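Here are some notes to read with the structure open beside you. Take the points one at a time and find each residue as you go.

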Amino acid sequence: MANQALLNCFPELKTPAFVITESDLIKNGRILKDVQEKADCKILWALKCFAMPEAAKALKPYLAGTCASGLFEARFGKENFGGENHVYAPAFSDEDMAEIVKYADHISFNSYSQLRHHRKAIEGAGKPIKVGLRINPGYSEVETMIYNPCAPYSRFGVGAEELEKEGIKEISGLHFHTMCEQRSDVLERTLDVVAKKFGPFLRDLEWLNMGGGQLITKPDYDRDHLINLIKEFKTAFGLKTIYLEPGEAVAIDAGYLVASVLDIIENGMPIAILDTSAANHMPDVLEMPYRPYIVGSGEPKEFPYTYRLGAMTCLAGDYIGDYSFPKPLKVGDRLVFTDMAIYSFVKTCMFNGINLPSLAYQKENGEIKLIREFTYADYAGRLGEKL
Ligand SMILES: Cc1ncc(COP(=O)(O)O)c(C=O)c1O
């Protein structure tokens, strides 16, 4: 729930705006640090989910490093966070790899062909880089198919037969990522499969990365269970290091998107048109799909005034959902969407030439800083216009 200081500040912010809350990031960071200490593992911040230099400063004391999906995130991690710098992608271009080796200390490849293709770049890096392979355990409980890395014909990771055939001489560890917004019971079942299929290789390796998709910082997550699982697995296979690389768990419930009502129309039901968009500013609402919570709202008809909330883009399906409110909405009212740090502002776009939300940051002491506003130059510059 948005705290009162935050809500009171919103009238000063031009909307739409993301507001990231440092106290919530620190709360998550403390939990993750505690898990690392108790389980003797390392937790990396998956930058693909959420990245912001201000947040990096706040999270630095709590996490072991970052994990990147490619060159830009790897560089961001090095320049803004430090610690261990891990990179994985389904494939890397030669051009990107030539730079990635400057930032990374762990690179996990998706195939033996990529690993061998980039071996020279790694050997020529002038520093030790640990090389791993992503495995595909063929087991995932993720039901939304576009988020299931083990779906049929998946492009992610190598199977146990291939490891058997090609050997593990060229690597020091394995990486898997098979979960999405799940808990320790799913990890336990996944580890059973990993142990059965990949156990013999793990005994001769140094590290295992168990990926992300684990909601470790949610209040009802069974962290003692996670800690035991990690300790047992580490001992069973004599591994030196276990890594986890959550994104959501780092930034969950640590951000808001504040939007305003631009117009209210009627077409079979009241429709409020907002200065934000699901497609542009919170694409997972359409992709996942899911229904974000709005402070003070209810399910349709729970409160007397129900509205369909729509965007100002041309996309016919660009609705955020149906919400009810205790009082009628009016033009200029502000709506505060919760849990908007994760996979929202890293995925925004300027479809229809609509501006990006501003970025604001609430320090732990309550003060809100405006970090960045976007302008026509951000839109036109990406399109190639010389400004
Ligand atoms: C390889 C890898 N690691 C880590 C993550 C982070 O997952 P989450 O944000 O769900 O914890 C992802 C998400 O897609 C991923 O693909």
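1. Start with Asp253, which sits in the loop between α11 (248–251) and β10 (255–266). In this predicted model, Asp253 has a positive phi of about 55 degrees although it is not a glycine. That is worth a look, because most residues other than glycine have a negative phi. Asp253 has 37% relative accessibility, so it counts as partly exposed.

2. Glu181 is another residue to check: its phi is near 50 degrees, a positive value in a residue other than glycine. You will find Glu181 in the loop between β7 (173–175) and α9. With 35% relative accessibility, Glu181 counts as partly exposed.

3. Now turn to the peptide bonds. Most peptide bonds are trans. The bond joining Thr15 and Pro16 is cis, with omega about -5 degrees, and Pro16 belongs to the loop between α1 and β1. The bond from Met288 to Pro289 is also cis, with omega near -15 degrees; Pro289 lies in the loop between α13 (284–287) and β12.

4. Is His281 buried or exposed? Its relative accessibility is 0%, so His281 counts as buried. His281 is part of helix α12 (residues 278–281), and its side chain makes a polar contact of 2.8 Å with the side chain of Thr276. Leaving out residues up to four places away in sequence, the residues that His281 touches include Pro16, Phe18, Leu257, Ser344 and Asn355. Notice that Pro16, from the cis bond with Thr15, is among these neighbours of His281.

5. Next, look at two helices together. The axes of α9 (residues 184–202) and α10 (residues 223–237) come within 11 Å and cross at roughly 5 degrees. Because angles under 35 degrees count as roughly parallel, α9 is roughly parallel to α10. Among the residues that meet here are Leu187, Leu191 and Val194 in α9, and Leu226, Leu229 and Phe233 in α10. The residues of this contact divide into 9 nonpolar, 3 polar and 2 charged.

6. How many salt bridges are there? The count comes to 25. One of them joins the side chains of Lys14 and Glu373 (3.9 Å, N to O). Lys14 is in the loop between α1 (4–9) and β1 (17–21), while Glu373 is in the loop between β16 (368–372) and α14 (376–383), so this pair links parts of the chain 359 residues apart. Lys14 counts as exposed at 58% relative accessibility, whereas Glu373, at 37%, counts as partly exposed.

7. Arg189 and Glu141 also meet through their side chains in a salt bridge (2.6 Å, N to O). Arg189 lies in helix α9 and Glu141 in the loop between β6 (130–134) and α8 (160–166), so the pair ties together parts that are 48 residues apart in sequence. Arg189 has 36% relative accessibility and counts as partly exposed; Glu141, at 24%, counts as partly exposed too.

8. Finish with the salt bridge between the side chains of Asp322 and Arg308 (2.7 Å, N to O). Asp322 is in strand β13 (residues 319–325) and Arg308 in strand β12 (residues 305–310), 14 residues apart. Asp322 counts as buried at 17% relative accessibility, but Arg308, at 31%, counts as partly exposed. Elsewhere, salt bridges that share partners join Arg116, Arg119, Lys165, Glu166 and Glu170 into one network.

Methods:
Residues numbered from 1 in each chain as written. Predicted model: local features only at pLDDT ≥ 70, side-chain atom pairs only at ≥ 80, totals over all residues. Heavy atoms only, no water. Helix = DSSP H or I, 4+ residues; strand = E, 2+ residues; numbered from the N terminus. Buried < 20%, exposed > 50% of the residue type's maximum accessible area, 1.4 Å probe, protein only. Polar contact = N/O pair within 3.5 Å; in protein donor to acceptor, adjacent residues only side chain to side chain. Contact = heavy atoms within 4.5 Å. Axes fitted to C-alpha atoms, helices over the stretch in contact; angles between N-to-C directions. Parallel < 35°, antiparallel > 145°, perpendicular 65-115°, else oblique. Nonpolar A, V, L, I, M, F, W, Y, C, P; charged D, E, K, R; others polar. Salt bridge = Lys/Arg side-chain N within 4 Å of Asp/Glu carboxyl O.
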